[in-house]
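These are my notebook entries on one protein structure. I wrote down what I looked up, entry by entry.

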Amino acid sequence: MSTGSGADSAPAPNPQDGTVPRDPTLTAPRKGTFSSLRIRNYRLFATGQMVSNTGTWMQRIAQDWLVLSLTGSSAAVGITTALQFLPMLLFGLYGGVIADRFAKRRLLLLTQSAMGLTGLALAALTLSGQVQVWHVYLVAFVLGLATVVDNPARQAFVSEMVGQDELRNAVSLNSANFQSARLIGPAVAGVLITAFGSGWAFLLNGLSFVAPVVGLLMMRTAELHKVERVPRSKGQLREGLRYVSGRPDLVWPIVLVGFIGTFGFNFPIWLTAFVYHVFHQGAGTYALFNGLMAAGSLIGALLAARRAGSRLRLLVGAAALFGVLEITAALAPSFWIFAALLAPIGMVGLTINVTANSSVQLATDPLMRGRVMSLFMMVFMGGTPLGAPLVGWVTDAYGARVGFLAGGVVSLAAATLIGLVLARTGGLRLKIDLRRGHRHVDFVPRAAHSAPPGEKELSPAA
């Protein structure tokens, strides 16, 4: 959905020269791919996140491989993933209430510090030779508790750093940042695991959180965009749910990413199973597979940063293509065909994430953003405790190919059904009112009359 001032207007012809000018009140020049990095506070944030994200990916690879080495079970990898995201399912909405109620920068200082401590704890257990699989389960659950508050606070804090005009660009660059780290982290982790073991990857991850903490402390708070904090009161959780339930432009992206996140994004389970059981390779190959997905995701993030708007048509189409690519990869007859498909899977998966994320953020009132984004993340990530053990069991019982195939089939089916729902309501379309001085998005019945001056109308798949 294009909800910003950069949306193309319907220009009137120029009687003087026959050209078609743009209305300056409704249009703005296209921003550069890295335009939000001009803002000092966001540069500090992005730099710190780049370092900690690299450490996070190192820990993810080391954690998955450690669990598989200790147990030999894809289901155990699924349980670890599920425990890490279980707190989001149980407490995710409360995290959004906290993010709306308190200063987000202070919350992030606490959550980032706590996440660093989990890495150091796992490093101490592993390097001392005392680690057992239940230790990994416990650390994953504690990390998930910190994430409950960190995710909505971090998502909502972006708008305070860059403002509404640069929000979509910053969201896309956050994803590019994460995927760039995903290129570096797995490669470093593969070398460390092979040469020294998983413990050193956990140690470096714990230390990497120093960077975002320092970046947050160095920010100029006077330059943050002030957002009114929600005072403590009863019913704030229900208020957030009511707000979303009355907004189809929020409901459909959240429902779709819920299915994709629950059943289609279980890559730790599938990739470890393919490496270990299908191709009979080691941690280096697992790191390679993650790096290929990251390369595709990085391309997808950079393309998203240049895109002027977020359309539901793009979201649904990307979700359908994502399912097709997963089905194709599951049936790939050789190592290199499977590997070659991982980059486009990463690119399309990232497109789904960025398009849904930015659509929801731009369509949400700032006072509700923490709660809405917590619901978004709860559905997207909180479905993992339900999907990961099931997908892990299917993978163990019927093989890696059947497990991956099942995830692709569910993703394709979800995209198809939601696309059909939107098509059946073909009398619906997005109306973006540009006259009010703030972004306003509604689903309205299709009518025969044209849009009033100053309003831009898009199809329901927009």
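**Entry 1: terms and ground rules.** I take helices (H or I, at least four residues) and strands (E, at least two) as DSSP runs, numbered from the N terminus. This is a predicted model, so I note that local features need pLDDT of at least 70 and side-chain atom pairs count only at pLDDT 80 or more, while totals for chains, interfaces and linings use all residues. Residues are numbered from 1 along each chain as its sequence is written, and side-chain values use heavy atoms, with hydrogens and water left out.

**Entry 2: Ala 330.** I looked up Ala 330 and found it in helix 12 (residues 312-330). Is Ala 330 buried or exposed? Its relative accessible area is 0%, so it is buried; buried means under 20% relative accessible area, exposed over 50%, and partly exposed in between (1.4 Å probe, protein chains only). Next I checked its contacts, where contact means heavy atoms within 4.5 Å. Leaving aside neighbours within four places in sequence, Ala 330 is in contact with Phe 274, Arg 401, Phe 404 and Leu 405. I also looked up Ala 400, which is 70 residues from Ala 330 in sequence and 7.8 Å from it in space, C-alpha to C-alpha.

**Entry 3: the whole protein.** I counted 16 helices and three strands. The protein has 462 residues, and 55% of them are buried. Among contacts between residues at least 6 apart in sequence, 82% join residues at least 24 apart.

**Entry 4: the cores.** In soluble globular proteins, nonpolar side chains tend to be buried together. I therefore looked for nonpolar cores, meaning sets of buried Ala, Val, Leu, Ile, Met, Phe, Trp, Tyr and Cys residues joined through side-chain atoms within 4.5 Å. Which members of the largest core touch the most other members? They are Phe 289, Phe 338 and Phe 404, in a core of 79 residues. Helix 13 (residues 335-362) gives the largest share of this core, ten residues. Another core, of 24 residues, lies apart from it, and its members include Leu 44 and Leu 167. I then listed the contacts of Phe 289 beyond four places in sequence; among them are Leu 271, Phe 335, Phe 338 and Leu 342.

**Entry 5: salt bridges.** I searched the whole structure for salt bridges (a side-chain nitrogen of Lys or Arg within 4 Å of a carboxyl oxygen of Asp or Glu). How many did the search find? It found three salt bridges.

- Lys 104 and Glu 160 meet through their side chains at 3.3 Å, N to O. Lys 104 lies in helix 3 (residues 104-127) and Glu 160 in helix 4 (residues 133-162), so the pair ties together parts that are 56 residues apart in sequence. Both Lys 104 and Glu 160 are buried.
- Arg 154 and Asp 150 meet at 3.0 Å, N to O. They are four residues apart in helix 4, so about one helical turn separates them. Arg 154 is partly exposed because its relative accessible area is 21%, whereas Asp 150, at 0%, counts as buried.
- Arg 220 and Glu 223 meet at 3.1 Å, N to O. I put Arg 220 down as partly exposed because its relative accessibility is 43%, and Glu 223 as partly exposed because its relative accessible area is 40%.
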